[in-house]
Amino acid sequence: MKRQNFIVLAFFILLGSAGAFAQSRPVAKSLSAQAGQDKTIELSWELPAKSQPKILGAQIFRRPRPYAETQDLDGDIPIAEVDASKRNYTDVLTTNGSYFYAVVAVTEKGPYKIIIPGMNATSYGVRPKVAAAKQEEPSAKEDNALPKMDQEKLTESQKELLYADQKMRKAPLPYPGTLLGFDNGKAKMSAEAQKSAAELGGKRYRPAVPIKSPYFFEEDMFSPDGGDDYTLFETLRAGLAPKKYAQSVELLKDYLSVHREKAAGERAQFYLGESHYFCKDYKSAIRCFLSVQDAFPELSKQWIDSSLDLLVIE
């Protein structure tokens with residue numbers, strides 16, 4: 001009888017554990033920020049269907065610098081707070097510049113403050129679009145239309161210079177060399193002009209913002225029971241997690257030298273790309289991210305774009 005009671009008790013304990021395991025942490029994911037119209041930024045994200053503790057809403061944070069770690073939220077005031085049913089938000093800006101965003105889930109126990117770059121925090125700044133200024137209509141004084149009586153006095157060659165609406169064509173100023181016949185040779189730039197052009201050509205249009213911390217998939221944040229997932233977890237704990245990036249490259253290459261289950265192998269390839277990235281081997285990083293682009297399209301694009309920004313082509 002005692003043995004049967006023990007079996008029943010064990011069954012309910014396992015059932016409760018399975019239910020808890022099926023629930024996710026209250027962390028937003030797939031955060032996307034895109035420039036909208038008239039100085040707006042369109043945000044979208046996802047929230048887990050079930051979480052512990054339960055999600056009641058989300059707080060949206062914005063600042064001109066990346067959110068790289070949880071401490072970056074200290075002292076920041078959310079620009080908005082929405083309920084759990086919302087999955088998007090339009091941020092209306094009053095100033096120009098590049099902005100970074102983070103979305104923090106609000107639970108029944110309060111805000112679940114955690115920053116995971118590329119998951120609930122954007123890795124790149126987004127600049128709002130500015131509407132083009134309206135061109136004013138030319139005034140009557142600027143109009144090229146000729147009075148009717150003047151048009152009657154025009155010669156045939158002058159009439160050929162009229163548009164269909166009876167306005168004179170604006171002729172470009174002649175280049176003196178063409179008129180005087182000494183423009184046969186190629187124009188040469190002075191040494192000073194060439195130097196200025198080289199300096200301008202070497203400058204970036206926008207500064208490259210490197211990603212500061214590696215991204216970890218949720219499956220690899222807790223020690224699994226065994227198999228390829230467990231081996232990958234131990235590999236990450238020995239190399240990428242403590243930020244021993246050169247060692248991480250060798251460990252992950254060794255892990256991938258053996259045939260692995262598809263999902264674990266794809267994640268390992270992504271982690272190998274991150275390890276190359278932080279070793280500043282951006283070409284190898286790009287190759288790794290391209291190989292798993294179909295499995296992780298949004299994440300791979302962010303890391304590929306950053307690698308290309310930082311890649312120095314000799």
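A residue counts as buried here when its relative accessible area is under 20%. Keep that in mind as you explore this predicted model.

**Stop 1: two helices.** Select residues 262–278, helix H8, together with residues 297–310, helix H10. Their axes are 11 Å apart and meet at an angle of about 20°. Since angles under 35 degrees count as roughly parallel, that is how H8 runs relative to H10. Look along the pair and you will find a left-handed crossing.

**Stop 2: where they touch.** On H8, show the side chains of Phe270, Glu274, Tyr277 and Phe278.

**Stop 3: Phe270 and its ring partners.** Start with Phe217, in the loop between helix H5 (191–202) and helix H6 (227–238). Phe217 and Phe270 form an edge-to-face pair, 5.3 Å centre to centre with 70° between the planes. Because Phe270 sits in H8, the pair ties together parts that are 53 residues apart in sequence. Both Phe217 and Phe270 are buried.

Now turn to Trp303 in H10. The ring centres of Phe270 and Trp303 are 6.3 Å apart and their planes stand at 80°, so this pair is edge-to-face. It joins helix H8 to helix H10, parts that are 33 residues apart in sequence. Are Phe270 and Trp303 buried or exposed? Both are buried.

Stop 4: Finally, select Tyr215, Phe216, Phe217, Tyr245, Phe270, Tyr271, Tyr277, Phe278, Tyr282, Phe289, Phe296 and Trp303, which ring pairs link into a cluster. The structure holds 15 aromatic pairs.

Notes: Residues numbered from 1 in each chain as written. Heavy atoms only, no water. Axes fitted to C-alpha atoms, helices over the stretch in contact; angles between N-to-C directions. Helix = DSSP H or I, 4+ residues; strand = E, 2+ residues; numbered from the N terminus. Parallel < 35°, antiparallel > 145°, perpendicular 65-115°, else oblique. Left-handed = near helix turned anticlockwise from the far one by under 90°. Contact = heavy atoms within 4.5 Å. Phe/Tyr/Trp six-rings, centres within 6.5 Å; stacked < 30°, edge-to-face > 60°. Buried < 20%, exposed > 50% of the residue type's maximum accessible area, 1.4 Å probe, protein only.
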